[in-house]
Amino acid sequence: MKIKFLIFIVTISSSMSFVVAQEKDTIADQTVNVIKPYTPTISDAFKVKDNPKLNDSSAVKKKAIKYNIFSIPVASTFTPAKGKAATVDKAKAVKLYDNYASLGVGNYSTLLGEVYLNHELSKSENVGGYFSHHSSRGGIDNLSLDDYFSKTKLNAHYSKSQRDYTWKVDGGFNLQAYNWYGLPEGVYSETQIDLIDSKHTFNSFNIGGKINFNDAIVKDASLRFRRFGDNQDSGENRFMANSNFEVSIQDADIDAEVFLDYLGGSFDSTYLETLTSTSIDYGNIMFGLAPSYQLNRDDLTINLGVRLTYLNDTELSKSKFYVHPNIEASYRLVDELLIAYAGLTGKVIQNSYYDFANVNPFVSPTLYVSPTDQQYKTFVGVKGKLTSNISYNITGNYASEKAKALYKSNVAITSATEDYQYGNSFNVVYDDVTTFSIAGELNVDFNRNFTLGIKGEYFAYDTDDEAQAWNLPDLEASLFLDYQISEQWFAGASAYFVGERKDERIVTDLFLQTDISRVSLESYFDLNAHVGYKINDQLSVFAKANNIFNQDYQRWLNFPVQGIQFLAGATYQFDF
């Protein structure tokens with residue numbers, strides 16, 4: 001009983017203590033801030049290395065096995081094929097020939113022929129020549145005089161290469177025949193016209209040479225002599241020498257040109273020989289030096305130079321010294337896509353009877369030949385590529401020229417005694433002219449089979465003494481296209497647009513009464529095309545059409561051109 005009583009007392013006491021503890025230690029609300037997220041890790045496990053031991057009495061030990069290989073030779077007739085590299089089909093190489101001959105005929109009794117020859121005498125020697133002929137019997141409608149023409153050219157050359165230099169000599173003849181067929185309307189009677197022999201001819205002979213040096217101060221040197229004359233007892237001689245060299249001064253490379261130009265000639269009479277029979281003699285000699293220095297800085301290139309010229313008039317015994325700028329610069333704004341460029345240049349232009357006759361073959365043999373001082377020509381522009389196969393060039397120009405040569409129609413003398421005094425020839429007049437122009441050019445080269453080029457330029461002139469810049473157009477444009485249609489067929493086209501020009505028609509009678517009228521020559525558009533077929537590597541045929549729109553325009557006053565012209569022929573290439 002005592003034991004039970006004690007257990008009861010202890011139980012009651014514990015219960016009371018628990019109740020009291022619960023009342024005293026009540027847990028209040030608390031805020032727990034987690035400073036670091038819980039990142040549990042796994043401890044490495046360690047494998048207990050223990051090799052069990054077997055105490056099986058029935059285990060059987062492995063027996064060692066010995067292998068013996070008995071080889072028997074076997075005859076074999078198999079031969080493996082050798083490896084062979086794959087081949088790529090190559091295009092057939094185009095055979096290039098050193099010589100060709102071409103012949104074509106067309107309406108207006110046109111004959112066109114060319115022969116080019118080149119032969120290799122040895123690895124260092126070449127000899128060759130060139131012959132061309134272009135003629136037409138004429139046939140322009142509503143003309144009172146013959147209008148046939150003929151141009152024949154013959155050249156030959158010889159070249160030789162040495163270890164340190166290469167030299168070449170060449171020479172040739174030119175023969176040209178034209179007619180002063182451009183008579184003014186309503187001035188002369190049929191009787192007077194029948195007395196006119198409008199044919200006149202030019203002839204020239206030239207010989208010269210050039211030498212190029214390798215790794216030398218003197219880069220090259222050239223000489224040229226030309227004799228030019230006509231069937232009116234006119235003639236001139238011209239001798240030109242030129243050399244380019246390079247010198248180094250304090251780590252700077254200076255390029256320089258040295259030149260000499262002599263011109264001398266005479267005309268048998270003046271234009272108005274009824275008033276005076278004095279002949280015209282002219283002669284000029286000029287020589288000079290043109291040094292330049294090129295500066296390269298990353299995308300910037302600048303050529304700094306000057307042109308020094310001494311000119312002596314051998315007929316008038318006058319001399320003058322000229323200094324002209326020779327500065328050009330270019331800057332790559334965007335690699336090959338956009339390049340800006342500008343320049344300021346000038347020079348003395350040696351005019352000659354040969355140059356005048358090649359531009360206008362209807363000049364009279366009574367010209368006053370004098371040099372032109374191009375005081376300066378400044379230009380600025382941009383060029384580059386729109387795409388990998390389309391390039392462009394846009395430029396603006398402004399030039400000032402003293403004594404610029406202008407072609408102007410000669411006076412029509414009612415009592416003419418010479419065949420060129422019927423207002424059917426041209427004179428050269430000189431004036432101080434400033435020219436402003438804007439030009440644009442676009443070239444497209446889609447692939448090797450198709451190319452296209454377009455050019456255009458607008459001109460504005462200001463003259464000092466003359467009323468107009470005679471026979472200079474206000475606009476010029478051209479287009480060229482070549483297309484290789486297939487391996488055999490090829491074609492091409494060209495077009496020219498020439499804007500309006502100004503000239504004067506002057507008629508003088510026996511009493512020196514003069515009638516002057518200003519004439520505007522209309523602009524014209526000339527379209528030409530050709531097509532050809534390659535029969536084989538050596539022979540091809542072609543056909544051409546010129547002035548396709550059959551325009552009856554006048555290139556010079558009173559000188560209409562032939563209408564639509566057709567020409568067909570063949571070209572043969574060969575070696576010998």
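Leaving aside neighbours within four places in sequence, which residues is T435 in contact with? The answer is N397, Y398, A399, E401, F459, A460 and Y461, where contact means heavy atoms within 4.5 Å. Bear in mind that this is a predicted model, where local features need pLDDT of at least 70, side-chain atom pairs count only at pLDDT 80 or more, and totals for chains, interfaces and linings use all residues. Residues are numbered from 1 along each chain as its sequence is written, and side-chain values use heavy atoms, with hydrogens and water left out.

**Confidence**

- The protein has a mean pLDDT of 88, with 82% of its residues at 70 or more; pLDDT is the predictor's confidence in each residue, from 0 to 100.
- Residues 1–27 are another story: there the pLDDT is below 50, and beyond near neighbours in sequence the stretch has 0 contacts in the model.

**Around T435**

- You'll find T435 in strand 17, which covers residues 426–447. Helices (H or I, at least four residues) and strands (E, at least two) are DSSP runs, numbered from the N terminus.
- T435 has a relative accessible area of 13%, so it is buried. Buried means under 20% relative accessible area, exposed over 50%, and partly exposed in between, with a 1.4 Å probe and protein chains only.

- Strand 5 (residues 165–179) and strand 6 (residues 199–213) run antiparallel and are joined by 15 bridges. Two strands pair if DSSP finds at least two bridges between them.
- Strands 6 and 7 make a hairpin with 4 residues between them, and D215 in the turn has a positive phi of about 55 degrees.

**Aromatic rings**

- The count of aromatic pairs comes to 34. Rings of Phe, Tyr and Trp (its six-membered ring) pair if their centres lie within 6.5 Å; planes under 30 degrees apart count as stacked, over 60 as edge-to-face and the rest as tilted.
- F202 and Y353 are an edge-to-face pair, because their ring centres are 6.1 Å apart and their planes stand at 80 degrees. This pair links distant parts of the chain, with F202 in strand 6 and Y353 in helix 3 (residues 353–359), 151 residues apart.
- F202 counts as buried at 3% relative accessibility, and Y353 counts as buried at 1%.
- Y353 also forms an edge-to-face pair with F267, 4.8 Å centre to centre and with 70 degrees between the planes. F267 belongs to strand 9 (residues 252–267), and the two residues are 86 residues apart. Both F267 and Y353 are buried.

**Charges over rings**

- The charged end of R307 sits over the ring of F259, 4.4 Å from its centre. A charge sits over a ring if NZ of Lys or CZ of Arg is within 6 Å of the ring centre and within 35 degrees of the ring normal.
- K383 does likewise with Y341: its charged end sits over that ring, 5.4 Å from the centre.

**Salt bridges**

- The structure holds 13 salt bridges, each a side-chain nitrogen of Lys or Arg within 4 Å of a carboxyl oxygen of Asp or Glu.
- One of them joins E246 and K219 (3.4 Å, N to O). E246 lies in strand 8 (residues 235–249) and K219 in strand 7, so the bridge ties together parts that are 27 residues apart in sequence.
- E246 is partly exposed at 28% relative accessibility, and K219 is partly exposed at 33%.
- E504 forms a salt bridge with K408, their closest N and O atoms being 3.0 Å apart. That links strand 21 to strand 15 (residues 390–409), 96 residues apart.
- E504 is buried at 9% relative accessible area, and K408 is buried at 13%.
- R518 forms a salt bridge with E504 too, at 3.4 Å between the closest N and O atoms. R518 is partly exposed, with a relative accessible area of 46%.
- Put together, K408, E466, E504 and R518 are linked in a network of salt bridges.

**The sheet of strands 16, 21 and 22**

- These 3 strands form an open sheet in the order 16-21-22, with mixed pairing. The edge strands are strand 16 (412–413) and strand 22 (514–521), each pairing on one side only.
- Strand 21 (residues 501–508) and strand 22 run antiparallel, joined by 8 bridges. The bridge partner of V507 in strand 22 is D515.
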